[in-house]
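Hi there,

Here is the structure I promised to pass on. Have a look at it first, and then read my notes below.

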Amino acid sequence: MGGEGKVYTLSEVSDHNTPKDCWLVIDGKVYDVTKFLEDHPGGDEVLLSATGKDATDDFEDVGHSSSAKAMMDEFYVGEIDSSTIPTRKDYTPPKQPHYNQDKTPEFIIKLLQFLVPLLILGLAFGIRFYTKSVDA
């Protein structure tokens with residue numbers, strides 16, 4: 001394992017982002033995966049897209065085998081200075097107002113939600129009463 005004990009910043013690692021020089025940060029460690037790009041089962045684009053950031057989640061989400069994890073030792077070049085990795089913020093979507101396409105006032109919508117079923121019920125009773133009195 002070359003480069004053992006060397007500590008890199010994320011900025012330094014980010015400079016290695018081409019097919020001829022590709023470094024990744026996984027689990028606090030820095031790996032030079034340039035020689036592995038052609039052999040990677042997912043293709044080199046997957047590895048290149050993970051440069052310049054902490055790729056731990058990307059790596060774990062795929063579910064690599066234990067042999068794949070053991071293979072990483074030969075690509076190890078050092079550690080990452082964790083203070084240079086930006087903290088992740090959980091995304092909280094902004095509160096969305098109730099969608100009202102035609103801008104009808106809210107009280108009218110609530111009134112109609114109450115009155116329309118009553119009108120349908122009244123119409124049904126009226127038809128029933130009318131047809132019953134005509135038959136008699």
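**What I found**

Leaving out residues up to four places away in sequence, I26 touches Y31, A55, T56, F59 and M72, where contact means heavy atoms within 4.5 Å. Before going further, please keep in mind that this is a predicted model, in which local features need pLDDT of at least 70, side-chain atom pairs count only at pLDDT 80 or more, and totals for chains, interfaces and linings use all residues. Residues are numbered from 1 along each chain as its sequence is written, and side-chain values use heavy atoms, with hydrogens and water left out.

I26 also belongs to the largest nonpolar core, which has 14 residues; I26, L24, Y31, V33 and L47 are those with the most contacts inside it. Such a core is a set of buried Ala, Val, Leu, Ile, Met, Phe, Trp, Tyr and Cys residues joined through side-chain atoms within 4.5 Å. Here, buried means under 20% relative accessible area, exposed means over 50%, and partly exposed lies in between (1.4 Å probe, protein chains only). Strand 3 (residues 21-26) gives the core its largest share, three residues. Helices (H or I, at least four residues) and strands (E, at least two) are DSSP runs, numbered from the N terminus. Apart from this core lies another one of eight residues, including L10, V13, W23 and V25.

Five of its six residues are buried, so strand 3 is largely enclosed by the rest of the structure. Strand 2 (residues 17-18) runs antiparallel to strand 3 and is joined to it by two bridges; two strands count as paired if DSSP finds at least two bridges between them. These two form a hairpin with two residues between them, and N17 stands opposite C22.

Strand 3 also pairs with strand 4 (29-32), in the antiparallel sense and over four bridges. Across this pairing L24 stands opposite Y31, while W23 has D32 as its bridge partner. Strand 4 in turn is joined by three bridges to strand 5 (residues 76-80), again antiparallel, with Y31 opposite Y76.

Which residue takes a positive phi in the hairpin of strand 3 and strand 4? That is D27, with phi near 55° in a hairpin that has two residues between the strands. Most residues other than glycine have a negative phi. D27 counts as exposed because its relative accessible area is 55%.

H40 sits in the loop between strand 4 and helix 2 (44-49). Is H40 buried or exposed? It counts as buried because its relative accessibility is 14%. H40 touches V46, L47 and H64, again leaving out residues up to four places away in sequence.

Finally, the surface: L111, F114, L115, L118, L119, L121 and F125 make a nonpolar patch of about 730 Å². Accessible areas come from the Shrake-Rupley method with a 1.4 Å probe, and for residues only the protein chains shown count as cover. L121 is found in helix 5 (residues 106-135), and it counts as partly exposed because its relative accessibility is 46%. Like charges are joined within 9 Å, and nonpolar side chains (Val, Leu, Ile, Met, Phe, Trp, Tyr) within 5 Å.

Best wishes

Note on methods:
Patch = residues over 30% accessible without salt bridge, like charges linked within 9 Å, V, L, I, M, F, W, Y side chains within 5 Å. Salt bridge = Lys/Arg side-chain N within 4 Å of Asp/Glu carboxyl O.
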